[in-house]
Amino acid sequence: MRIILYLGKGGVCKSTVAAATAVRSAELGFRTLVASTDIAHSLADSFDIPLSDKPTEIAPNLWAQEISVVADIHNYWGTIQEYMSSMISGPGVSNVVADELSAIPGMDEIVSLLHINMQAKEQNFDRVIIDAAPTGETIRLLTIPDTFRWYAGHLSRYETGVVRALKPFAGRFLQGTAALLDALSKLDTATAELRDTLSDPEITSYRVVLQPEKMVIREAERAIGYLGLFNYPVDSVVVNRILPDYAGEGEFYNKRREIQMGYMEMIENNFRPLPIWYAPYYAEEVVGIEALSRLATDCFGDEDPGQIFYTGTLQEIIELPDGGYRMRIPLPFVTGSDVKLRKRGDEMFITIGNFKREMILPAVLAKRRAGGGALRDGMLEIDFLPLEPTTEAVPAPAPEEAA
């Protein structure tokens, strides 16, 4: 079983790349499901075929689905919502308002992710390809299992204590609470299994889709950094919409091509050691099975896009005894001894010989000063100093009044 999740900034054509991957996987004989977790679904547009919230077979070995969060909440999580709605409703609160207020924060994200885990558990498909929402929403989506389990655990412990204390006196009254606790317990168990599935590099891979543009590259870097913090395995990067080299196509075209080529070197440096795949910018729209198959071939060549392309840590942050941090980044292909660092806000500029990299730092490091770096055994180690204590300004004493 393989789960491949494509994410990236809005407008980089994640849906198209995810659909192309699924088409190629099906052509290789794997039972493949491609599903969209983006609220603004565009997967059906990629295939030019109507899709529903249930898997629809659209070609041999290929199924597609646009996950409906609303439908699943009503189907699977009615017990929790009904109980909370009954607790909220009362004088001055209409049933409609109470029902809306009872929607648990993050429940829509949980349902989308549990869909992925359900496919992994039931083994209905050899591969599940996920067309995810834009980067920010997807990162929030992937942090939900940890956050939800924290809240569910605290609520469960609190409610269990209350139930145990009141059980001898109010058995009937607590029937609803028991049902809620049972539903929460099942949901918590499912979420724990989900977290294991999403972080297992033998099952799940994350791929960032980008275009050779500065803002897109920066967001892709942030995404990979955050995925690393949560131990979600990234196995490659797809650079989409690369302009072909047509000599003499006019000043505008040549300038755009020149800008793209300038960013290609940045991509090569900033995303090592991840494999990087390149997809061309076509003159026509990439819509339908045939066009998607062509894209998959042009991007991945003869490789099976469903295989695991990379395993290993991309970035590690270690807390030091003195309150500082050490960031470790694998750079196995870089040689040199003199490491030059320059930090500006949340940006770090690294130079080692002919190697240059501009990276975005996570928030925990962005507010600290860099203490130096060194390349040891193919690993770049950068130390960040402890935060300096802030001293509040003491107001000057008021001048004495004249006698």
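**Close-up 1. Asp48 in a loop.** Asp48 is exposed, with a relative accessible area of 61% (exposed means over 50%, buried under 20% and partly exposed in between, with a 1.4 Å probe and protein chains only). The residue sits in the loop between helix H2 (43-47) and strand S3 (56-59), where helices (H or I, at least four residues) and strands (E, at least two) are DSSP runs numbered from the N terminus. Although Asp48 is not a glycine, its phi is positive, at about 60°. The model shown here and in the other views is predicted, so that local features need pLDDT of at least 70 and side-chain atom pairs count only at pLDDT 80 or more, while totals for chains, interfaces and linings use all residues. Residues are numbered from 1 along each chain as its sequence is written, and side-chain values use heavy atoms, with hydrogens and water left out.

**Close-up 2. Arg241 in strand S7.** Arg241 also is not a glycine and has a positive phi of about 60°, but its place is in strand S7. With a relative accessibility of 27%, Arg241 counts as partly exposed.

**Close-up 3. The surroundings of Val234.** Val234 belongs to strand S7 (residues 234-242) and is buried, its relative accessible area being 4%. Leaving aside residues up to four places away in sequence, Val234 touches Tyr206, Ile224, Leu227, Leu274, Tyr310 and Leu314, a contact being heavy atoms within 4.5 Å. One of these partners, Leu274, is 40 residues from Val234 in sequence, and the two C-alpha atoms are 8.1 Å apart in space.

**Close-up 4. The largest cavity.** The structure holds two cavities of 30 Å³ or more, and the largest contains about 160 Å³ of space. Of the 13 residues that line this largest cavity, Glu221, Ile224, Asn270, Gln315 and Arg357 are the closest to its centre. Helix H9 (214-229) and strand S13 (355-360) are the elements that give two or more residues to the lining. By residue class, the lining of the largest cavity divides into seven nonpolar, three polar and three charged residues (nonpolar: Ala, Val, Leu, Ile, Met, Phe, Trp, Tyr, Cys and Pro; charged: Asp, Glu, Lys and Arg; polar: the others, Gly among them). A cavity is a set of points, on a 1 Å grid over the protein atoms alone, where a 1.4 Å probe fits but cannot get out, and lining residues have an atom within 4 Å of a point. Grid points are joined across faces, edges and corners, and a volume is the space filled by probe spheres set on the points.

**Close-up 5. Salt bridges around Glu347.** Arg218 forms a salt bridge with Glu347, with 3.4 Å between the closest N and O atoms (a side-chain nitrogen of Lys or Arg within 4 Å of a carboxyl oxygen of Asp or Glu). Because Arg218 lies in helix H9 and Glu347 in strand S12 (residues 347-352), the pair ties together parts that are 129 residues apart in sequence. Arg218 is buried at 7% relative accessibility, and Glu347 is buried with a relative accessible area of 15%. Glu347 also meets the side chain of Arg344 in a salt bridge (2.9 Å, N to O), and Arg344 is partly exposed at 47%.

**Close-up 6. The pair Arg376 and Glu381.** The side chains of Arg376 and Glu381 meet in a salt bridge with an N to O distance of 2.3 Å. Arg376 is partly exposed, with a relative accessible area of 44%, whereas Glu381 counts as buried at 11%. Elsewhere, salt bridges that share partners join Arg218, Glu221, Arg344, Glu347 and Glu358 into one network, and the count of salt bridges comes to 16.

Key
1 Å grid on protein atoms, 1.4 Å probe; cavity = no way out; pocket = protein on both sides within 12 Å on 5 of 7 lines; lining within 4 Å.
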